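Work through the exercises below with the sequence and the model open. Each task is followed by its solution in steps.

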Amino acid sequence: MHAPRGLRVALQTILQLTLVAAAFQHPFLHSDYRNGWDQYDEGLFTPFENLDLLSETQFTVLSHPVFPSHNVRIKKSSFCDDTVQAYTGYIDIQARHIFFYFFESRNDPDTDDVIFWTNGGPGCSSSMGLFMELGPCRISANGTTTIRHPESWNSNSNIFFVDQPIGVGFSYADYGETVSTTEEAAKDMAAFVFIFFEHFTKFKGRPFHMAGESYGGRYVPVFAAEVYDQNTKLVEAGLTPINLTSIMIGNGITDFYHQVSSVFDMQCTSASVPPIMDIATCVQMKQIIPRCQQWLEESCLDLFDNINCRAAMDFCSAQLESPFWLTGMNPYDISKECEGGLGETLCYPVTRSIRSYLDRPEVRTMLGVDPSLTANFSSCSSEVGRAFIEKLDEYRNTQHYVAALLERGVRVLIYVGTYDWICNWVGNERWTLGHGVERTKKFTDWFDSERERFDFCDRRRGRTHGAV
Ligand SMILES: *[C@@H]1O[C@H](CO)[C@@H](O)[C@H](O)[C@H]1NC(C)=O
Ligand SMILES: *[C@@H]1O[C@H](CO)[C@@H](O)[C@H](O)[C@H]1NC(C)=O
Ligand SMILES: *[C@@H]1O[C@H](CO)[C@@H](O)[C@H](O)[C@H]1NC(C)=O
């Protein structure tokens, strides 16, 4: 979409003049927020600039004329990491509200990179990654307080944790609206990223990385592609593009086709641990794989046919995955039994403490969780999960987005823990080195000496971020 020259000039002028930040919402001004580029006319814009000025008790509402239907509500929060500034808030897209946490870097917030993090699911809250994996704190076992986590990614970066799409974690919609595809969710994420950098100018131009795990293997390439394409429009409008530098995917599902059959290797070979499945079942699975793959190729890859693709997937997962669920092993760590129940705790009983912490009224107030959210916190929304399944979102060719990003100089890091069964390293190795990325020469593999963990990365440019 090319902005007329006159509009571009007007935009530039207005940005230079920089006026009032809107302190109110105007939710239904435009029926289709995607048309903001065309509809923008007389808006006035001042970057908020100084995060220090934000209140701890009240939200400040930020808007931008290019996205007339989007606002960002943000406040300071004294939580999780008292050595840095922490912020929480919502991206408001008309009646849809997406919750985020933002932590400044423990090193140097004024020069360090910015990372966007999302958990997977689809439907799981990024507070799982925040409190169980890469965030600045853990939750105490009794669920009342936070405990500093030294190996946090904010050791060297400014980082967001986003509950997305709507319906996940503390995100919500006023009238029960839902998002059911990654491409749809991507529009909101790209707008959010832009609005943030426009307002907090100290981060402008800073290298920006999008990261996620599990279903994030589908989200992240699509979100990054949207940010990349949005940049083209920003440049045309005379605005500063986002310095999208890399994507990082941990234990991701990017290529379902290779991932479906690789569960065989995980349970029937010594790919990670000695075989956990009996020989009879393994032999049966081995014979099923060619049929499963052929059906998937015909119905999901060569030509996407909703009914046949779904039938093929049902067949493959019944044959190759169902036996695993009967073993009682932890699908995220095949070396262990599932503790605490998959449905209730995702096999990690600590999720109970996280939930009770996030249900504490004083915690919700501190975070600025919208008072309309009265239900107990859920780590994962089954409603959102179902909506994505319904649309067969997982079975789209996400590896094409990865290839396209690589082609345009965005670096890609794929890292996988050895013991994950569900989005295992075998399938990730196959798609990255094999067919998935169409021999893009930019992918190289990299093993550590004992093969305890391995990553694929773009080695030519050297640097990897926050792996494993
Ligand atoms: C909960 O655990 C924290 C940290 O272990 C401790 O400081 C606190 O006193 C405990 N609170 C209660 C109510 O047991
Ligand atoms: C983007 O970040 C890179 C560092 O990764 C830096 O060299 C480059 O100058 C930045 N680009 C812009 C336009 O700020
Ligand atoms: C929320 O959790 C509390 C404590 O676990 C429980 O007593 C209550 O019934 C739950 N509320 C709902 C609506 O599920």
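Axes are lines fitted to C-alpha atoms, for helices over the stretch in contact, and angles run from 0 to 180 degrees between N-to-C directions. Helices (H or I, at least four residues) and strands (E, at least two) are DSSP runs, numbered from the N terminus. The model is predicted: local features need pLDDT of at least 70, side-chain atom pairs count only at pLDDT 80 or more, and totals for chains, interfaces and linings use all residues. Residues are numbered from 1 along each chain as its sequence is written, and chains are lettered from A and ligands numbered from 1 in the order in which they are written.

**Exercise 1.** Describe how helix α6 and helix α7 are arranged, and list the residues that meet.

Step 1. Helix α6 spans residues 256-268 and helix α7 spans residues 279-302; their axes come within 9 Å and cross at roughly 170 degrees. Angles over 145 degrees count as roughly antiparallel, under 35 as roughly parallel, 65 to 115 as roughly perpendicular and the rest as oblique, so α6 is roughly antiparallel to α7.

Step 2. Two residues are in contact if their C-beta atoms, placed from the backbone, lie within 7 Å. From α6, Tyr257, Val260, Ser261, Phe264 and Cys268 meet Cys282, Met285, Lys286, Ile289, Cys292, Gln293, Leu296 and Leu301 of α7.

Step 3. Ala, Val, Leu, Ile, Met, Phe, Trp, Tyr, Cys and Pro count as nonpolar, Asp, Glu, Lys and Arg as charged, and the others, Gly among them, as polar. The contact of α6 with α7 holds ten nonpolar residues, two polar and one charged.

**Exercise 2.** Determine which residues of helix α3 are buried, and what they pack against.

Step 1. A residue is buried if 20 or more other C-beta atoms, placed from the backbone, lie within 10 Å of its own.

Step 2. In α3 (residues 127-134), six of the eight residues are buried: Ser127, Met128, Gly129, Leu130, Phe131 and Leu134.

Step 3. These buried residues pack against β4 (96-103), β5 (113-118), β6 (137-139), β8 (157-163), β10 (208-214) and α11 (350-358).

**Exercise 3.** Name the residues around each ligand and sort them by class.

Step 1. A residue is counted as near a ligand if its C-beta atom, placed from the backbone, lies within 6 Å of it.

Step 2. Ser140, Asn142, Thr144 and Thr145 surround ligand 1; four are polar, with no nonpolar and no charged residues.

Step 3. Around ligand 2 lie Gly205, Pro207, Asn243 and Thr245, of which one is nonpolar, three are polar and none is charged.

Note on methods. Buried ≥ 20, exposed ≤ 12 C-beta atoms within 10 Å, placed from the backbone.
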